[in-house]
Amino acid sequence: MQTANSVQLVFVVLFAIIASALVRKGRADPLAANLPPRQRIRPILLEMLDPLLAIVVVGPVLAHELNLNTWHVLAGLIGISVGIPIGLLRSRVQFVRAIKSSRSVVLTRSRAEYALVILLVILRSSEDSIRQNHTTSITLLLAMLLALPIGESFARSVSMVNKYHSSTVDSPSMGLSE
């Protein structure tokens, strides 16, 4: 288990470094200065990597829960199924436009982003205590809640990438030109 945690930590650190560089790239984009307050520019690659982070962070704990029994697998599938429409809705709310010249997208910030991060932190923090006091209903709920961000992340990422690719030209926002 120690080796798995070390590998997971390496992936999280590596992702953090890559994500930090990509976020800085988005902030350095000259168009970022002209965006409305709740909008930001993000390289599309960062959106594509998001599901990988969800798997690295949640995957090991979810895998343990799914190995308990068939009911936990079903709970995980329900969690993913609930996460998919949430991800699709979030992409529809967040996506503003594509900037093909810099392979980026303009997104609107959402409170749901912060809520999902808080949910993941709470689940990871309470993982050991949940396992110690493991009533089946609690572990089923845990499997469902752990699978939800994976479904959400994949659906949002795929939808964002599709919106990016279906945009035919750079479309200036709020009358701004590039």
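Two strands pair if DSSP finds at least two bridges between them. I kept that rule at hand, and I began with strand β2, residues 95–99. Four bridges join β2 to β3, and the two run antiparallel. I also noted that this is a predicted model.

**Entry 1: the overall layout**

I looked up the secondary structure of the protein chain. It comes to five helices and three strands. Read along the sequence, the pattern is α-β-α-α-β-β-α-α. I then checked burial. Of the 178 residues of the protein chain, 41% count as buried. Residues 24 or more positions apart account for 79% of them.

**Entry 2: the sheet**

In what order do the strands of the open sheet lie? I read the order as β1-β3-β2, with antiparallel pairing among the three strands. The edge strands are β1 and β2, since each pairs on one side only. Neighbouring strands of this sheet are turned by 25 degrees against each other on average, direction ignored.

I went on to the pairing of β1, residues 39–43. Five bridges join β1 to β3, and these strands also run antiparallel. I picked out single partners. R42 has V105 in β3 as its bridge partner. A98 has V105 in β3 as its bridge partner too. For I99, the partner in β3 is S104.

I looked at the hairpin of β2 and β3 next. It has four residues between the strands. R103 there takes a positive phi near 50 degrees.

Is β3 enclosed or open to the outside? Four of the five residues of β3 (residues 104–108) are buried, so this strand is largely enclosed by the rest of the structure. I counted β2 as well. Four of its five residues are buried, so β2 is largely enclosed by the rest of the structure too.

**Entry 3: helices across the sheet**

I turned to the helices that lie across the strands. Helix α2 lies across β1 and β3. It runs at about 80 degrees to β1. Helix α5 lies across β2 and β3. It runs at about 50 degrees to β2.

I tested the length of α2, residues 44–66. At 1.5 Å a residue, its 23 residues should span 33 Å. The end C-alpha atoms are 31 Å apart, which agrees. Where does α2 kink? I found a kink of about 55 degrees at G59.

**Entry 4: the nonpolar cores**

I recalled a general point first. In soluble globular proteins, nonpolar side chains tend to be buried together.

Which residues make up the largest nonpolar core? I listed nine residues in all: A54, V57, V58, V61, L62, L142, L146, A147 and I150. Helices α2 and α5 (136–166) each supply at least two residues of this core. The largest share, five residues, comes from α2.

I took L62 as one example. Leaving aside its neighbours within four places in sequence, L62 is in contact with A143, L146, A147 and I150. I also found a second, separate core of eight residues. It includes I44, F95, M160 and Y164.

Is E152 buried or exposed? The cut-off for buried is under 20% relative accessible area. At 2% relative accessibility, E152 counts as buried. I compared its place with that of A54. E152 and A54 are 98 residues apart in sequence. In space they are 9.4 Å apart, C-alpha to C-alpha.

At 12% relative accessibility, S159 counts as buried. Which residues does S159 touch, leaving aside its neighbours within four places in sequence? I found it in contact with L88 and S91.

Definitions and conventions:
Residues are numbered from 1 along each chain as its sequence is written. This is a predicted model: local features need pLDDT of at least 70, side-chain atom pairs count only at pLDDT 80 or more; totals for chains, interfaces and linings use all residues. Side-chain values use heavy atoms; hydrogens and water are left out. Buried means under 20% relative accessible area, exposed over 50%, partly exposed in between (1.4 Å probe, protein chains only). The expected span of a helix is 1.5 Å times one less than its number of residues. The bend at a residue is the angle between axes fitted to the seven residues ending there and the seven starting there. A nonpolar core is a set of buried Ala, Val, Leu, Ile, Met, Phe, Trp, Tyr and Cys residues joined through side-chain atoms within 4.5 Å. Contact means heavy atoms within 4.5 Å. Axes are lines fitted to C-alpha atoms, for helices over the stretch in contact, and angles run from 0 to 180 degrees between N-to-C directions.
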